[in-house]
Every structure is written in C-alpha cells, then in structure tokens.
Amino acid sequence: MRKRSLSPSDRLFEWSIDLFLVGVLVVTLVPMWYVLMVSFLPFGKSPSLFLAPWDWSFEAYAQLIFQPTIWRAALNSLVLTLGGVAISLTLTVMAAYPLSRRELPGRGLIVGLILFTFLFNAGLIPTFLVVKDLGLLNTYWSVLLNGAVSVYNLLVMKTFFQSLPESLEEAARIDGANDWQVLWHVVLPLSRPILLTIGLFYGVANWNNFFEPILFLSDRSLMPLPVVLRDILTGLNVAEYVEGTAAQAAPAEALKMAAVVLITLPMLLVYPWIQRYFTKGVLIGSVKE
Amino acid sequence: MNPAIAKSLAGRDGLATLLRRIWRYRLLYLMLLPGLLYFLIFRYWPLWNAQIAFKDFQPMLGVWGSPWVGLQHFQDFFSSYYFGQLLANTLIISVAKIALGIPPAILLAIALHETSRRFLSRIVQTMSYLPHFLSWVIVYGILLAMLSPSEGLINHGLRALGLEPIPFLTSTATFQPVVVLSEVWKETGWSAILFLAALLSINPALYEAAAIDGASRWQQVRHISLPGLMDVLVLVVLLKIGSILDAGFHQIFVLYSLPVYSVGDIIDTWVYRQGIQNFQFSLATAVGLFKGLIGLVLIVVANRLARRFTGSSLY
Amino acid sequence: MKIGSRVLCSLLLCGSLAAPGALAQANLTELSVALYAANPEAPAPPANWEVYRLLREKLGINLRFTMLPTGADGDNRLGALAAANDLPDLFEVRSLALFDRLVQQGQLAPVNSLLPQMPKRTAERYSDARRNLLVTTNGQIYGLQEPVTLSRQYAIWVRKDWLDKLGLKAPTTLEEFFEVAKAFTERDPDGNGRNDTYGFAGVIDFDTAGILPGLGLGNHFQWVYGAYGVAGTWNYNPRAFAANLRDPNFRRATEYIRRLVEARVIDPDWATMRRADLRTRWQQGRYGMFFESVGGLQAGLQNFHANNPGAELLMLPPPRGPEGKSTMGTYSSAGWLFAVSKRAMDAGKGPAIARFLEWAHSGEGYFLLGWGRYNVDYTLPNNVPTINTQIPISVRGSYTQMRWLAFNGNPLEMRGRYPEINVGGRRYVMHQLMAQAQRQGNWIDRTGDLVVKAASNQADIERYVSENLVQFALGQRPINDTTWGQFLSGLRNVRFEQYEEAAAKALRESGYLK
C-alpha cells in the first residue's frame, strides 16, 4: 500500500477514514443484531440492545420450528431456489455463450431484441395471462419459468465470456472441438467466479421471491417462506404458523423477529463463500467501455 | 449483362453465403434456442397481450376478442383525482433516492480504497454488501424492530430521553424519509462496488507522483480519486434518471399503509391495487404501458447522453 | 342420538357400498370447488380424505378442492382466475366488488335452475326472496346467498380485575369510557411498575364477516360513530338520504377518537396493527379494553389466562353518546355467498353441483364437512357436536375446511361451536356470550347496503374517506371548520355525489328505503 512517512494531516485523514468505515459497520450491523436480540426476548421483558444471555428464550424459535406449515414452506423455498438456479444458469449460459461470439450472424439483432424487453416491460396482467394460457397456474413452473432469465445477468455473463482470451478457444477448436465442447471444457472451467456470482444472484432472487408465488400459486401448500414471513410480519394469518390454542410462551415481537432470522439464515450461510467472487465476477460485465 | 439481373444474382449469392454462414454456426443457434424461446414466450407474448390497454378486456372474450375502446383508460388515469399525487410521490421518492444514495456510496468506495487496514476493508465490504441480498420483506421486519412506536429500538431511546415516540412508518412526515433512508441502508455497499472498481483502475503511478510532489492524502483524493470517478458517476446518475419512474414497488408494497397513502402511493402500487385488487385489468395495463413508455424514452435519452459525456454506456 | 347414529351407520355402511360405486368411475363429474380457508391454521384436506371417496362412490363427483387464502390475497386470487377465464365451478365470493364485476362480464351462471334440484337446502337457505334480491340482476339470481349465522358477535371487552383494582366502575358513556381508558393507561393497573398498558385497542379492519364495516375507520370504531347516531355508511332517512359522513355528528365522533389518540390511551400502533397483533397483545394483558369477536375471544382465552393469572373479562355494552344513543355497529342478514361459474353450467355440471350442495346440507354430508371425522375430531354427546380439543386445530382443521358449505346456525351447532370453557378459574359459556353480544349491542340492520353496487372508482372513494379520517384521528391534520370543509368538498373529486345518488336509487328500487 501507499505507506510513507505520515504527516499529521495524513494521520488525521487515515483516522477519519477508518472511523467512517467502523461507522458503516455499526450502522449495518446494529439493526441486524437487534433483530437477533428481539427474537430471544422472553415474556415480560422489554427488548434491549444487549439482552443478558441468561434471559435468552428460544421459545419463539421452538414455536416456529415445530410447525409443519413452516417446514413445508421451507421445502417449497428450497425446491424453488435450487430448481430456479439450475434452470436459470443453464438458460443464461446457453444464451450468453453464442451471443459472446462476435462472428455469429444476427448477433446484434438478437441482443437488441433481448435488450428491448429489459427496457420495456408489458406489466403484470399481460404476463399473468401468458402464464395462464400456458396452463402453468398453480404449478412451480409458473414461478420457475417466468423469471428464469434476467437480461442483466445475461449481459454480464456475455461480457464475461467475451473477456476470456480467445487463444484458448482457438486452440481447442484446432484440436477439433465443437462449440458445445469448447463451452463445456474450456469456457465454463474458466468462468467459476461469474457462475458463482450469477448463481447467487438467481438463488437470492428466488429465495426472496414472494410476489410471483402470491400471484401464480393458489394452493397454500405450495407457498414458499417469504410469503409465510410476510403473513407473520403483517399479522395476516399468524394462527397458521403458531399454534393458537397452546399457551403461547413467546411475545409477538419475538415470533416475528425469529421468523426473520430463520428465513435469512440459509442465505447467510451461503453468502460468505461466494462474496469474494463478486468484485471479480460482477465488475467485468457491469460496464461496457 | 443487364444490371438488374447482375444485382439479383449477387443477391442470391449473398443469400447463399449468409445461409452457409448460418449453417456453419448451427450449433450455436441450437444453443441459443431455449433462451430465445424464453424471451419470445415470457417477454414478447405479454407485449402482445398488452393490447388490452386499448380494449375493454372481457375474460370471456379473450385478449383478441375484447372490444376496442381507444385511449379511454389512459384518459381515465390522467383525469383521476390521484394522478398528480402519484406522479409527485413517484418522482420525489425516486429523486431523493438518487440524491441521497450516491454520495454515501462514493464516500464508502473512497474509504475502502484509502484505508491501509486490509482486514477492516475486507470485513466492511463483506458486511455492507449483505443488505443488498435481503428481501424487502426481511428489511421490513428489521425496520419494525427499529421503528415501531411501541417496541422499536429508536423509540425506546426517545422514550428514555423523555421524548415522545415517533410513529415513523405511519406518519406522513416521516414515511418518505424512512423509504429513502432504508434504501440507502440496503444499497450503499452494493452501489459502492462500481465506484471502487473505478478507483482500482486508476493508475497507481499517479498517486505516487502526487505523493512525491508533496500532496497530502486528502489532496490526492480530491485531485486524483474524485476526477477518476466522474465518468462512472455521470453514467450512474444518467441511468438512474432513465428509471426514475421506478420508485421501488416491492419496498413500498410491504412498507406502506393507509395513513401514509398520500405520501407513499406511487404509480406501481396504484397499478397493483387497481389491477389486482380492484380487477380493473385494462386500466392497470394502460398505466403500466404509460410508465413503460416514459421509462423507455428516458433511458434511451440517458444512454445517449452517457455515451456523449463519458464514452461508456449501458448498451 | 338420532343424528349421531345415522352418521355412524353411514360411516360403517359406506365400506360395503363401495364396490358397485367403484365400477361407475367412467361417468364421474369433475367438480372444482374453491373456498376461503375455514381454518387457515391447518392445511388442505389430504388426498385420501373420506369425503372425496364418498363423493365419487355415492354422488358420482370427482371433487377438486382449492383453498383460497383469507383476506385480500384470496380476493386477488379469484380476480386473477377470473381474468384468466379460469374460475372454479363452484366458489365462494367475499368481495362484492368482484361479484358485481363477474356478473357484469357474464362469468357467473344464474343459479335459478339449481334451486329446485336441492329442495331441502333451498327451503332452509335460499327461499328468502328479500335476501335473494341482493344477488339478483335482471331477474336472474347469480349467487347462492346464505343466511347469516354468526353476525353481531363483536363486543368491547373490559378487564374487570383492573376495574376492581383501581376502584372504577364499568363505563357506560363515552365520557366514562375516556376516564376509565385514561386510568388504565396511566395508573399501572397490572402493577408491574412499568408504563406498558393501554386503555383501549382496536384496529382498522374492514372484514365483512357478518357485519358491515361502513366507510371510514372500519368495524372496530363503529361504536363511536354509533354513539353519535351515525353508524354505517348511509343514514336511511327517506326524506334526507345521504352519506352519514356529511352529518355534523360524524365530525364529532371523529373528534372523540382523536381525543383518545391524543391522550395516548389507544395503543399507538393502532393505525397499522392487524387483527392478529391486536389478539396477541390483549392476550398478553396489555389492554384494559379491546374490541374482539366472541370467536376471537374463545380462541385466545387459554393464552390470556396463562399470561394473566386472576384476570377477569366483562362484556361492555356499547357506550352511550351525548344524546344517549348507542350501538356496536351495523350488520347485514346475509352470510356467505357462493357462486357457480358460467363455464361449469355450460358444461352441464349444474346437477352435480346441486347434488353436492344438498348432500352437504344435512345428515352425513353436513357432519363430515362441518365437524370432521366422527369419534376422532368430534363426538356427539346429547346430540351436541363436541370438538375433540385433544387433537390440535392444525390437524383436525384440515377435515373441516369446507365447513361453511355445511353449517346452518342451528342451536345444537352453535352450542357445539361455542361450548362452555373453564379456564383460569373462570367459566365462559361461549354460546351465551354470543347471544349476549347480539342482544346487548343494539346492532342496526343495514342489509340494504348490499344492494348498492360498488362505484366504478369505489377504491378511490374508500381510500379518500379512510385516509382523511385516519389523518384526522391521528392528529396529522387539525380538525376545524376549514379542514373538515375541505374534506367534505373534496368528496366531489372522487365523484361521491354520483355514488350517493346511485345508492339512493338502488335502495328505493329494492324497497330498503321507503
């Protein structure tokens, strides 16, 4: 790093920079920490930023975890997330690779057509009518397919493929590999960061998706976790997720926040492993020079 | 030879070459096919259905069979009592998000770039990107924990100081600030990535030369880092202006409530309520089209401007 | 034991009847039915539910049941299905705006032809001409309008133990109500040394289950408007028919609510809380008085007494206003509404629908749909269906998701649904409380409201009124002649006059306004 003899003003500068970063850290973390604390809140206590560990109550988690509805929703979320990532990544890679080949006839036209859908969206109801006409209402396919390809992710991946050294592909082609083999054996192994990053984008989008399930699915038993969370937070059908007749041992706030924690948790477990690829993966594709 | 015949021959020749080229890339086209089908079915077919904006949509008659009504739904929207309010709310929230969202992102990028503590830099990056991945439903839960008048952390603090609690989410005075600041909280880290990248691409020799010339760290930031960010900044601002009518549907959909409709209702939430909750499908589609059209014009213009001023653009 | 034994024998016999029925699989009628979840806390019935088998074997019906989520999500779902021209064959409608729209667009079938095909059900449920009028357009009946079975079950409940502790009497007027609410808020009635109680809580709730929310702040605050003689949307005065909100008393009632808010005796979250929040909080013992249905009370008693040892609840008659008026609110005599899609009728499914509904009306069908599995989910001591509370509602609830098709409100049924409960050393006879709430509430019958069709901009109207009243009540806007005048004159912007005129016309034509 650029470290030389520090003048007093430079030292002040460094201090204020670090102070600012710590401030950002605090502002980011305090709300999340507080959510965690409230989720441990026992009855009759006021929530506070630092709940004594001997006061922690896991009742709210117990209430939620022992509900079959929650588990069903979690399973639905898992299916939608994993299935969604598989479908989306496959479609995106298969579309991005040909479009990254500058010599492909009609490439500009196709990119233009795809870009247009990014800029101009037909809206909710026209899309709903399509899903209905395809007979996909009330099936997972409606949610999985409708948002399968994100134009942004597609373009990022295309730019990434373009940035790969062409010499490797050339070499493979001289050895007699066809386009599929080049993609599979040369391009994809080099694309780990972008695949992980875009995969995370798709995964998170699917995991967080609550709007399309509400719109397309009518069976309660198909609903994923975010819908459950929204219902719990807005007090819509709370009875559905916690036993109404059993003596309720956790305050409502704790239940709500425990639900928030439970739903965020799986993502928090995956995120750090993929986060380090962000800068590598995203930046290459984000701006076209 | 007759020039016309020559031309047509050349054309046939050209066509043949083209077909041959296409045949050569058949595998690539095959690869492209599923993606193209996706866009055709899920993006272009809805555009065809969007004609119900100009029709009185009757489900029994279908999209094609419903009778035309021209621009009636558009007129209904423009003459609606709430039209002015919706447009104002949409623009105010959108502009405030741009104006208050970009400076912290730049600041964060500079701080991450300047700090000599790599561990701090790493951990701040990891943590500040995180909220971007939380859905608005989750952020709503976090906001409830912080802001609820009876249980929220901030109101506990106010009460401890002997002040009156503030109903942040239901007061017309505080709702828009909550919307804007929660967006800033959620997205600052993520938006900083772009600026950070621009900083990393500045030639380190510039800093070294400046340091030798006796420039302080602050002067280096002012005269090297900030100018280095200008291109990206212009690009980001212009592109945000292109999507200025998107004030954040998912966010407001989970945050707003009756007491704050007058300051929180935006075009998209109105479309949702009219279309889905009041079953006025044609009207909702018309407003959606109107919004899409304005957005399209803005983004094309913004992109032109971006290309002119910075040489880089979205597409 | 008559009913019980009949059920029992049919349960036993059906096994032997199964064989011949199974052969007739070929001419099964496919029937899709969508109802709002009767027990949102339980999943849909399992695929091997006995009812499905019985319907196939006995009635030749292959039933496909979809559970709609309660609340706006369910309305939206139906609206979406309607847009897709994909309505179920038989379904429940809760949004009258949607119902009107479906009739208009020709997506519903007239049910006139079904009525004679299910004589018993029609005689007991659909033979009231006045009620049928509510769902009649151009002389055709477009819905199966059930009579109401449990309307007017709402009341204000007060903590008797807190009253005693502070040496107060149950309030009977608005002024006394205010004083008691203030004492409950400020004098630490739960004695925990913390300022964590509120005098009153209600939420903005427009649920239409049996009562009419009216324009404005919804069900939970109707009693305030009632005390000023302006409960409900319309005044039903034949000489000067108008919306109640034009009455000067409407402003006075709103000012009273504002007083409660400003004195901080109402839970400050009231404007955004939902019913479930309200329930959790009164069960936690935070409120001295609260608005709740008898059914809601019943569901929460266990928790309430577990959390608040020694507590006692009292049902409060609606407080009287300055002129001695009082009411808990307005109600209609119309209950659940079921509709048949035109597609189903065109496909010749009418007879199957009638067969199914008649089966659900009494005997075997009634018990299976209404009460679940005999000797598992319920028993029949002294002919009173008695729920087996050993089985959690999340399990037994699955088997009674379609109970609204069966229930008819007979006294035995009411006793079964609202039994005696002994908890926390207190005795609650729920069906008596139900009757008490109906009697004591001075409820006003405004069934006529239902013949008023939704305006084309109904959402704008409702929003305009509610939004303004909330702002007035929350203190975000002062209430004076200028601001109130602005509120009233602003009604023109949402074309309120036309709505009023249409309402007057509809009410006169139907004879509700003479």
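**Close-up views of a predicted model**

View 1. Helix α2 (residues 26-49) of chain B supplies the largest share of the side that touches chain A, 19 residues (helices are DSSP runs of H or I, at least four residues, numbered from the N terminus). Two salt bridges are counted between these chains (a side-chain nitrogen of Lys or Arg within 4 Å of a carboxyl oxygen of Asp or Glu), and the side chains of B:Arg217 and A:Glu14 meet in a salt bridge at 2.7 Å, N to O.

View 2. C:Asp269 lies in the loop between α10 (248-262) and α11 (275-283) of chain C, and its 5% relative accessibility is why C:Asp269 counts as buried (under 20% relative accessible area, 1.4 Å probe, protein chains only). Not counting residues up to four places away in sequence, C:Asp269 touches B:Ser148, B:Pro149, B:Ser150 and C:Arg281 (heavy atoms within 4.5 Å); the side chains of C:Asp269 and C:Arg281 are joined by a polar contact of 2.8 Å.

**Notes to the views.** Residues are numbered from 1 along each chain as its sequence is written, and chains are lettered from A and ligands numbered from 1 in the order in which they are written. Local features need pLDDT of at least 70, side-chain atom pairs count only at pLDDT 80 or more, and totals for chains, interfaces and linings use all residues, while side-chain values use heavy atoms, with hydrogens and water left out.

Conventions: Helices (H or I, at least four residues) and strands (E, at least two) are DSSP runs, numbered from the N terminus. Buried means under 20% relative accessible area, exposed over 50%, partly exposed in between (1.4 Å probe, protein chains only). A polar contact is a pair of N or O atoms within 3.5 Å; within protein, one must be able to donate a hydrogen and the other to accept it, and residues adjacent in sequence count only if both atoms are side-chain atoms.
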